[in-house]
Amino acid sequence: MRRRTLLAAGAGTSAALALGAATGTAYGATAYGSTAYGPGTPPRDTGALLHRWFRDTYRSLEALTTGLGLAADTLDVTGSGGEPEPSVHTSPSNIGCGLWSTVAAAGLGVISGTAMRRALARTVAAVERLERHHGFWLNWYDARTGGVLTEWPGTGAPVRPFLSSVDNAWLVAALRIAADADPELRPRVGRLLADADWSFYYTPYDPDDPAVGPGQLRGGYHLDDGTYTPHWYGALNTEPRMAGYLGIADGSLPGEHYWHTFRTLPPGAGQEQEPEGEWSTVDGVRVWRGHYTYRGRKTVPSWGGSMFEALMVPLFVPEGQWSPRSWGLNHRRHVAGQIEHGLREEAYGYWGFSPATVPSGGYSEYGVDALGMQTEGYTSKGVVTPHASFLAMPFAPGPAVANLLRIDRDFGAYADGYGFRDSVDVRTGRVSDHVLALDQGMVAAALAQVLRPGLLQRPFRTGGFARRVEPLLRREDFGIA
């Protein structure tokens, strides 16, 4: 399963739409905001609906979790004989999703504090046993035994041992959340993270040859031949920025790394749209403050135009609060662009495009091509994924809930007791038989942010995040306001 597209490092405004309540507002029975988008009548008690969605989503994550305490990658909710079947494999991201979803479940009253502490301790004990190199975890393990996968389950294809920067970021973030929720785990988590030095992935900036020394993070490291990936994560508005934030916060990366990532590629570099913008110097770094215009709105694009690239990180790091006229505005415009693509540009009647399972089997990247930098970006192909609507929910609660209700009503996409299935092809009506730990983890985190704002953000508002990351975001100016 290929969950990441590799990034190669390279050299007229309208008012923001009314998309519902502002980020950070708790939504209860009367909080379904009026909106220009999303036909459909909300239930009277939206809060109860969202709690039910969370409980079922968390149950799917429990079903994914093995006796060892590791969340497997994929759950077939149909299974043989109707019993859900988890996959054999897991990754650092999957494990992280299980950890933060458990903290969210306790915070929302779905499980007790005692049950949370027991589950977190079991998973942390398993993580302590996993083979690591250079302070980081490998990309694929057997979820049942914790052994490193050397052959892909079912096919026998060889699995190269790989240390992914972005997947490790999600596990490290989740371990921080677990330690914040259970103080007894803090010494153990501290020992686990002591060797996770993000400079391992970092290539310092070389002004004489920025193509070779871009001041960015590598995608990862191959253990079998001791080589890094040939690409860096160059785009700022993508989910790997979580690794950058973690490294800046703990001091293993310089703050200038943030400014060396691309809002857009510079003019003439070959990208989805020739950007508008200007050069400026921030903290001694020359930054191209570029943006695109999509359907009349200035927007800083992601790499492929998908929802989770743009909106997974703010579930944890309060980007919108620290940078309201840049990050905060951009998050809302990304949601608006996805909605308009689905409802108006393509007229599917539904929206929400992000990497997910292919409804008929397999895995693919979906997105809005015009919202991404990549010239051959992700396209929607008529496939919507519920996790994209949940990611949008903190920014557009009304449209997100209405969209999810329509997806369930029209396609039967909700699996009772397990939450929404992973994807729907709205052209054929085919619904995926699976849920993914990563996507269910995003759903759980998004619902936690809507129902109890800030629950999972506490570890990212203090310490190095407050001292080093927040000042960077407060100086950010996308030039899109």
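User: Which residue's backbone oxygen lies 2.7 Å from a polar atom of the Thr57 side chain?

Analyst: Happy to start there, with a note that this is a predicted model, in which local features need pLDDT of at least 70, side-chain atom pairs count only at pLDDT 80 or more, and totals for chains, interfaces and linings use all residues. Residues are numbered from 1 along each chain as its sequence is written, and side-chain values use heavy atoms, with hydrogens and water left out. Thr57 sits in helix 1 (residues 46-64); helices here are DSSP runs of H or I with at least four residues, numbered from the N terminus. The backbone oxygen at 2.7 Å from its side-chain polar atom belongs to Trp53.

User: Is Thr57 buried or exposed?

Analyst: The cut-offs are under 20% relative accessible area for buried, over 50% for exposed, and partly exposed in between (1.4 Å probe, protein chains only). Thr57 has a relative accessible area of 2%, so the residue is buried.

User: What separates the C-alpha atoms of Thr57 and Tyr418?

Analyst: Contact means heavy atoms within 4.5 Å. Leaving aside neighbours within four places in sequence, Thr57 is in contact with Tyr418, Gly419, Gln440, Val443 and Ala444. Thr57 and Tyr418 are 361 residues apart along the chain, yet their C-alpha atoms are separated by 5.3 Å.

User: How many salt bridges does a search of the whole structure find?

Analyst: Good one to ask with the definition in hand: a salt bridge is a side-chain nitrogen of Lys or Arg within 4 Å of a carboxyl oxygen of Asp or Glu. With that criterion, searching the whole structure gives 16.

User: Which residue forms a salt bridge with Glu319?

Analyst: The closest N and O atoms of this pair are 2.7 Å apart. The pair links distant parts of the chain, with Glu319 in helix 9 (residues 319-322) and its partner in helix 6 (residues 241-250), 78 residues away.

User: Is Asp410 buried or partly exposed?

Analyst: Asp410 forms a salt bridge with Arg409, their closest N and O atoms being 2.7 Å apart. Arg409 is exposed, at 60% relative accessible area. Asp410 has a value of 34%, so this residue counts as partly exposed.

User: What is the relative accessibility of Asp425?

Analyst: The side chains of Asp425 and Arg427 meet in a salt bridge, 3.1 Å from N to O. Arg427 counts as exposed at 53%. Asp425, by contrast, counts as buried, with a relative accessibility of 10%.

Note on methods
Helices (H or I, at least four residues) and strands (E, at least two) are DSSP runs, numbered from the N terminus. A polar contact is a pair of N or O atoms within 3.5 Å; within protein, one must be able to donate a hydrogen and the other to accept it, and residues adjacent in sequence count only if both atoms are side-chain atoms.
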